[in-house]
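Please read them alongside the sequence and the structure.

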Amino acid sequence: MEAKTIAMSLASNRSLIIPTSPRSSFVSTSRFSRLPLKRACIGVGGFRGSALTRWNPIVSNRRRLVPVRATNSEGSLGLEKVKEYEEWDSWTAKFSGGANIPFLMLQLPQIILNAQNLLAGNNTALSAVPWLGMLTGLLGNLSLLSYFAKKREKEAAIVQTLGVISTHVVLSQLTMAGAMPLPFFVATSAVVTVGIILNCLFYFGKLSTTLWRLWEDFITVGGLCVLPQVMWSTFVPFVPNSILPGTTAFVIAVVAVFMARTEKLPEEGVKFVQSLSGWTATLMFMWMPVSQMWTNFLSPDNIKGLSPITMLLSMTGNGLMLPRALFIRDLMWFTGSIWATLFYGYGNILCLYMSNCTSKLFFAASTIGLISWIGLALWRDSAAHGHNSPLRSLKELVFGS
């Protein structure tokens, strides 16, 4: 079929002629060409992920743009939509990268305090830091690092890399104080080193597919093994102290991965197994506020030991990643970020306020800031994608279209 063209006007009465696919590939070519979702994933400007979007006047980043005379004002408005889309794409990436600052500040005070105690010979003080919980967080960071490296989300991958490194530093301090068994630290260090190297090689296209699949299988099995064990251990001593949940999950994970690799599962089953590592890592982080709230319920006085600034940093770091997760329509990323923002960060700020451990001004500022930020993210995303309502963006996030 003969290819069509779309004319969009530029300044000085010039416009762009963009070759497009045959008419059957489009819903409409009369006004800003509303494209199918799959067409919209090919990218605009610096677009990095597999975003699902309905608005995208440019249908290919491989074709040459030819300036011609504009025939009407619709093309000018179309270019404005493209610019708005590209600007919000760029801003969401910057916000995601900016999350490094609050997340780094979360671990830095603990690292400095541990160093001071080690230099003073006060090794007992480091026993208050739960190494098993830190190890769980590290494994979650490592799994999400692989997830974002595969999606080519550079800013999010850097956030997870810094999380892995900073947590490993804390674990090394705990090992020096005798609070963490040396064999566990050695094994953890080997996994961290191999994981970071493999992810870097994969991101820059220097790793074979076979090695990457082996790594994915490893983090899938590891995540599925750790998650139920951590969830079970949270409620000890109300439940028996047992390794049965982790052992059972390990067997199931190995069988699932083996069946997926030997093509003994349907296509949907294979996709499900491939997504498990990312989801288990997300669920690990989602479980952290549940564990914290359970601790607060059992020992209400312990909430006084929580720092409002630390909770604010956690809320801010996760909140900064919300616009990017929504923009690229990543349900897993958005679920983990919104959960941590609302229940871990803001949830603990609310608990501190109800326990009179923080001021009314601090609580009010946190509440207004959070609501305003989420509202801004929804409004700008709907505008960038050409929707009339933010609910349309949420619908595409959950259901795909």
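1. UniProt positions are given here in the numbering of this note, feature names are shortened, and annotations may be inferred rather than shown by experiment. With that in mind, the annotation "transmembrane region", from an unreviewed UniProt entry, covers residues 128-149, 156-176, 182-205, 217-236, 242-260, 272-290, 333-355 and 361-379.

2. This is a predicted model, in which local features need pLDDT of at least 70 and side-chain atom pairs count only at pLDDT 80 or more, while totals for chains, interfaces and linings use all residues. Residues are numbered from 1 along each chain as its sequence is written, and side-chain values use heavy atoms, with hydrogens and water left out.

3. The protein chain has 13 helices and three strands; helices (H or I, at least four residues) and strands (E, at least two) are DSSP runs, numbered from the N terminus. Two of the annotated spans can be set against this assignment. Residues 156-176 are 100% helix and 0% strand, with end C-alpha atoms 31 Å apart.

4. Of the 401 residues in the protein chain, 45% count as buried (buried means under 20% relative accessible area, exposed over 50%, partly exposed in between, with a 1.4 Å probe and protein chains only). The accessible surface of the protein chain is about 20700 Å², and carbon and sulfur atoms account for 66% of that surface; the areas come from the Shrake-Rupley method with a 1.4 Å probe, and for residues only the protein chains shown count as cover.

5. Contact means heavy atoms within 4.5 Å. Among contacts in the protein chain between residues at least 6 apart in sequence, 70% join residues at least 24 apart. On a local scale, N117 lies in helix α3 (residues 100-119) and is buried, at 14% relative accessibility. Neighbours within four places in sequence aside, N117 touches N122, N123, A125 and L126 by the contact rule.

6. How many aromatic pairs does the rule give? The count is 14, where rings of Phe, Tyr and Trp (its six-membered ring) pair if their centres lie within 6.5 Å, and planes under 30 degrees apart count as stacked, over 60 as edge-to-face and the rest as tilted. The W131 and F184 rings form a tilted pair, with centres 5.3 Å apart and planes at 50°. This pair links distant parts of the chain, 53 residues apart: W131 is in helix α4 (residues 131-150) and F184 in helix α6 (residues 182-203). F184 is partly exposed, at 45% relative accessible area.

7. W339 and F343 also make a tilted pair, with ring centres 4.4 Å apart and planes at 35°. Both residues belong to helix α11 (residues 331-354), where they are four residues apart, about one turn of the helix. W339 is partly exposed at 27% relative accessibility, and F343 is partly exposed at 36%. Elsewhere, ring pairs join W88, W91, F95 and W373 into a cluster.

8. The charged end of R152 sits over the ring of F202, 5.2 Å from its centre, and over the ring of Y203, 5.4 Å from its centre. The criterion is NZ of Lys or CZ of Arg within 6 Å of the ring centre and within 35 degrees of the ring normal.

9. The structure holds zero disulfides, a disulfide being a pair of cysteine sulfur atoms within 2.5 Å. For C351 the closest cysteine sulfur is that of C357, at 10.0 Å, too far for a bond. C351 is partly exposed, at 24% relative accessibility, and C225 is partly exposed at 23%.
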